[in-house]
Amino acid sequence: MIHRNRRRVRRDKTSAIVMMVMVIASFAFVAAMAVGLYLKAQPLLSDHSIWQLLTAREWKPSQNEFGFLPFVMSTLLVTAIALLLALPLSFFTAVYLTEYARTWVKKLVYPALDILASLPSVIYGVWGTLLIVPLISKHIAPHFVEFSSGYTLLASGLVLCVMVLPLMVSLFVELFSAVPNQLREASTAMGATPWQTTRRVVVRSSIPGMIAAVVLAVSKAMGETIAVLMVCGNMPQIPHSVFDACYPLPALLANNYGEMLSVPRYEAALMFSALILFVVVLLFNLISRIILNRVKAKD
Amino acid sequence: MKLKSKYVSEVLVRALMILSIVAVVAFVISILYIIFHKGIQSITWAMITQLPQGGFFISGEGGFLNAIVGSLYIVLAATVLGLLISVPIVVYLNIYLKKDSRLGYFCRLTFDVLYGIPSIVYGAFAFIIMIAVGMKPSLLAGIVVTTMLIIPIMVRSMDEVAREFPRRLLDVTYSMGATRWEAMRVVLRQIMPGLTTATLLSVGRAIGDTAAVMFTAGFSDFIPKTLGQQTATLPLSIFNLLTMPSAKVQEKAYAAALVLTIIVLIISLTGRYLSGRVSKNKI
Amino acid sequence: MAMKERTVKRTAQPLVVKNLNLSIGGTPILKNINLELPAHKITCIVGPSGCGKSTLLKTLNRLTDMTDDVHIEGSVLLGDQDIIKASGVELIELRRRIGLVPQQPTPLPMSIYDNVAYGRRIHKLSRAGRQMHKSVLRYLNAVGLVTEVKGKLHSSASRLSIGQQQRLCLARSLAVEPEYILADEATSALDPISSRTVEDLFVKLKEDYSIIMVTHTLSQAQRIADYVVFIYMGEVVETGTADQVFNHPQHELTQNYLKGIFS
């Protein structure tokens with residue numbers, strides 16, 4: 001009896017140790033990633049300052065010139081366009097779904113969002129190439145500029161916007177549904193219209209969570225690779241209008257991994273771009289998750 | 001006057017909302033239309049049953065069976081490995097650790113962050129490791145990087161399921177003198193449907209990922225016979241084929257996109273509707 | 001090797017609480033508790049809500065382990081074993097000896113049969129098959145469920161009515177052959193009739209088990225208690241036989257509580 005119980009307890013303790021090691025290994029994994037990328041980027045960082053790298057415009061790997069400004073600017077602009085488009089779309093969609101929609105609308109829209117969320121990035125790329133790019137080059141751009149290939153900042157922003165929509169809508173819906181119904185009733189009972197109630201009660205109490213959701217969407221948009229790579233045009237220049245080609249960091253990384261080993265410093269430069277992505281996304285994620293956890297803990 | 005503006009803004013806002021909803025639905029329809037329309041026009045039986053013949057990117061002869069099988073190999077192996085690591089972690093977080101444990105909080109945060117890291121960065125990191133240990137692009141390397149990628153997805157979605165298991169049921173089992181290991185078996189049996197859904201969603205996500213395997217799996221016209229051989233994957237093939245100039249080759253890309261879309265939709269929509277957990281799009 | 005069905009040797013030892021202090025995250029919940037809980041009696045712990053009576057009950061089963069930031073001092077002795085210091089084999093054995101019936105009926109997510117058999121399986125108290133079947137029926141009988149669930153032993157326990165669920169939970173606790181049964185307001189979620197059924201069960205069970213109940217229904221305590229412990233703000237104010245505490249309370253706080261000045 002005692003013997004049997006010992007075995008039970010031993011199994012319990014052994015499993016606890018094994019599992020704890022796995023949990024600790026996951027912390028170590030993040031650290032290893034940071035250290036690994038840093039060490040590989042180190043040769044470049046040893047003779048250029050980070051500021052220099054981020055602000056230089058010239059990208060000529062064969063001549064040892066590594067200016068990341070075009071890529072950094074492209075990343076920022078693409079992300080900004082995607083978010084500018086996605087924010088109102090997802091906000092109004094989420095408000096409609098939580099505050100206004102009838103059941104049949106929900107039954108239509110939620111599955112649609114599910115499909116958007118499950119589609120792989122490369123499929124968005126195919127869609128962008130076949131629909132968005134020709135649409136821009138033939139129908140939109142001619143109104144504004146003389147010529148545009150369609151493989152542009154705008155195309156990348158649009159594709160990314162659709163890709164971050166499901167994430168943002170579901171985060172917003174979750175935040176809005178967490179607002180207790182009594183508050184809505186109290187406001188409606190005082191004669192507020194649904195929109196007034198939404199704006200002054202529902203949205204106001206969800207603002208920290210909404211900021212976190214946007215930050216999360218930004219970090220997702222920044223790291224998105226294949227779909228953007230397929231529609232962005234891949235020209236290392238600083239885009240001057242939305243009809244110019246651009247070249248975000250993930251695309252840089254994906255396009256050049258094959259040849260990077262042959263040119264000195266090239267590998268370091270690419271790993272530096274991976275490091276930038278890693279650090280920015282890590283920070284953004286940390287911040288927004290901590291805010292979201294706080295918001296959840298309050299409920 | 002004030003009263004009137006109140007109703008004007010109400011109408012305006014409603015119009016904006018309906019516009020947004022219409023836009024979202026239109027996006028979905030246009031994506032599906034493009035993929036299915038182009039795909040059905042291009043697809044032939046030979047494409048999904050044959051290996052490429054006479055140069056994958058040039059001739060357009062043969063099919064992309066190599067990529068379908070390569071993707072399945074990678075994802076199946078990564079799913080099994082991923083489950084072996086994720087399930088114990090989720091069990092540890094929810095059963096072995098106390099409620100509101102610090103370690104648990106940091107661990108969850110870590111997986112949130114790992115989940116957010118772009119797959120291209122995973123690819124780059126795996127590439128560094130491959131160089132460090134002298135490994136060449138191969139099926140094995142593809143499996144390893146996909147496993148790294150799938151673990152955070154699995155941990156987060158399974159954790160969400162496990163957290164819904166009522167704590168007081170755990171208390172009851174402990175109060176009878178059960179060990180944590182024994183309590184775990186009660187919990188696992190109960191949340192099995194949720195875990196299945198979580199697994200399916202993760203698989204659906206992993207099978208469509210391109211950026212990570214780009215660095216690691218290489219490419220091959222054949223189905224790999226050993227772990228050391230290079231292998232094609234479906235998403236990467238679509239990407240590569242689409243950038244080829246020949247229209248005949250591009251048709252293969254459309255067909256492959258259709259196949260990938262169908263696989264992914266079946267996997268993830270089954271997953272979502274199995275447990276009625278519709279629209280948890282954070283996963 | 002034929003394994004005989006194990007019947008656990010029962011002792012009639014009192015449960016002794018000595019200088020027990022408990023705080024959660026620095027906030028003291030229980031302050032210097034000293035009690036002797038007699039065997040084969042029903043002891044009712046009464047007091048206003050939030051006074052720490054549920055926490056005390058959980059401490060007796062060491063369920064406090066499940067909460068973070070708990071700090072415990074003092075000892076709870078069953079015979080020569082200290083529940084507060086127990087770990088490993090000792091702890092799971094002590095938990096077996098001190099069963100707990102929760103406030104909300106909480107059937108485990110399995111069949112009625114498996115609910116009762118669960119504890120006997122993990123502690124290997126009977127072998128699977130006829131032996132297990134017999135003991136499951138015995139404990140279902142002990143709580144008067146055996147005729148009610150006849151024919152649906154293998155259907156899910158959550159299909160039972162709330163009152164039946166609570167009796168099932170009691171049967172499940174009895175099945176691991178404990179000496180003590182802790183009941184945390186075990187009737188508060190039930191309708192008056194099921195509540196009486198469970199109460200009567202406790203009275204019947206005290207021949208074989210020692211029962212410690214937390215309740216905030218004074219009338220219930222008056223009906224069934226042999227001993228009464230009155231707790232206020234984490235401290236024991238008064239203890240004694242039911243007659244003493246209810247009819248001749250010594251302390252002013254107890255008098256006021258009984259008069260219903262606060263609850």
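In which helix of chain C is His133(C) found? His133(C) sits in helix 4 of chain C, which covers residues 130-142. The model is predicted.

**His133(C)**

- The relative accessible area of His133(C) is 35%, so this residue counts as partly exposed.
- Leaving aside residues up to four places away in sequence, His133(C) touches Tyr113(C) and Leu153(C).
- One of these two partners, Tyr113(C), is among the buried residues of helix 3 of chain C.
- Between His133(C) and Glu238(C) there are 45 Å in space, C-alpha to C-alpha, and the two are 105 residues apart in sequence.

**The sheet of chain C**

- Chain C has an open sheet of four strands in the order 2-1-4-5, with antiparallel pairing.
- Strand 2 (27-37) and strand 5 (81-82) of chain C are at the edges; each has a single partner strand, so one side of each lacks a neighbour in the sheet.
- Strands of a sheet pair through backbone hydrogen bonds, in either a parallel or an antiparallel manner.
- Strand 1 (residues 15-24) and strand 4 (residues 70-78) of chain C run antiparallel and are joined by eight bridges.
- Ile24(C) has Val70(C), in strand 4 of chain C, as its bridge partner.
- Helix 1 (residues 53-60) of chain C lies across strand 1, strand 2 and strand 4 of chain C, and runs at about 65° to strand 2.

**Helix 3 of chain C**

- Of the eleven residues of helix 3 of chain C, ten are buried, so this helix is largely enclosed by the rest of the structure.
- The buried residues include Ile112(C), Asp114(C), Asn115(C), Val116(C) and Ala117(C).
- Tyr118(C), Gly119(C), Arg120(C) and Ile122(C) are also among the buried residues of helix 3 of chain C.
- After helix 3 of chain C comes Lys124(C), which has a positive phi near 50°.

**Chain B as a whole**

- Chain B contains twelve helices and two strands.
- The order of elements in chain B, from the N terminus on, is α-α-β-α-β-α-α-α-α-α-α-α-α-α.
- Taken along the principal axes, the C-alpha atoms of chain B fill a box of roughly 70 × 70 × 35 Å.
- Chain B has 283 residues, and 60% of them are buried.
- Of the contacts in chain B between residues at least 6 apart in sequence, 74% join residues at least 24 apart.

**Largest pocket**

- The largest pocket holds about 1600 Å³ of space.
- The largest pocket is lined by 49 residues, and those closest to its centre are Asn293(A), Lys296(A), Tyr105(B), Arg108(B) and Arg163(B).
- From chain A, helix 6 (153-178) and helix 11 (266-298) each supply at least two residues of the lining of the largest pocket.
- From chain B, helix 4 (65-96), helix 5 (102-116), helix 7 (139-163) and helix 8 (167-175) each supply at least two residues of that lining.
- Helix 5 of chain B accounts for the largest share of the lining of the largest pocket, with nine residues.
- By class, the lining of the largest pocket has 22 nonpolar, six polar and 21 charged residues.

**Second largest pocket**

- The second largest pocket has about 470 Å³ of space.
- Sixteen residues line the second largest pocket; nearest its centre are Glu182(B), Arg185(B), Arg121(C), Ile122(C) and Lys124(C).
- Two or more lining residues come from each of helix 1 (2-47) of chain A, helix 9 (180-207) of chain B and helix 3 (112-122) of chain C.
- Helix 9 of chain B gives the most to the lining of the second largest pocket, namely five residues.
- The lining of the second largest pocket divides into ten charged, five nonpolar and one polar.

**Cavities**

- The model has six cavities of 30 Å³ or more.
- The largest cavity holds about 720 Å³ of space.
- The largest cavity is lined by 39 residues, with Lys220(A), Glu224(A), Tyr115(B), Arg205(B) and Asp209(B) closest to its centre.
- Helix 8 (residues 194-223) of chain A provides the largest share of the lining of the largest cavity, four residues.
- This lining is made up of 21 nonpolar, twelve polar and six charged residues.

Technical notes. Residues are numbered from 1 along each chain as its sequence is written. Chains are lettered from A and ligands numbered from 1 in the order in which they are written. This is a predicted model: local features need pLDDT of at least 70, side-chain atom pairs count only at pLDDT 80 or more; totals for chains, interfaces and linings use all residues. Side-chain values use heavy atoms; hydrogens and water are left out. On a 1 Å grid over the protein atoms alone, a cavity is a set of points where a 1.4 Å probe fits but cannot get out, and a pocket is an open set with protein on both sides within 12 Å along at least five of seven lines; lining residues have an atom within 4 Å of a point. Grid points are joined across faces, edges and corners, and a volume is the space filled by probe spheres set on the points. Ala, Val, Leu, Ile, Met, Phe, Trp, Tyr, Cys and Pro count as nonpolar, Asp, Glu, Lys and Arg as charged, and the others, Gly among them, as polar. Buried means under 20% relative accessible area, exposed over 50%, partly exposed in between (1.4 Å probe, protein chains only). Contact means heavy atoms within 4.5 Å. Two strands pair if DSSP finds at least two bridges between them. Axes are lines fitted to C-alpha atoms, for helices over the stretch in contact, and angles run from 0 to 180 degrees between N-to-C directions.
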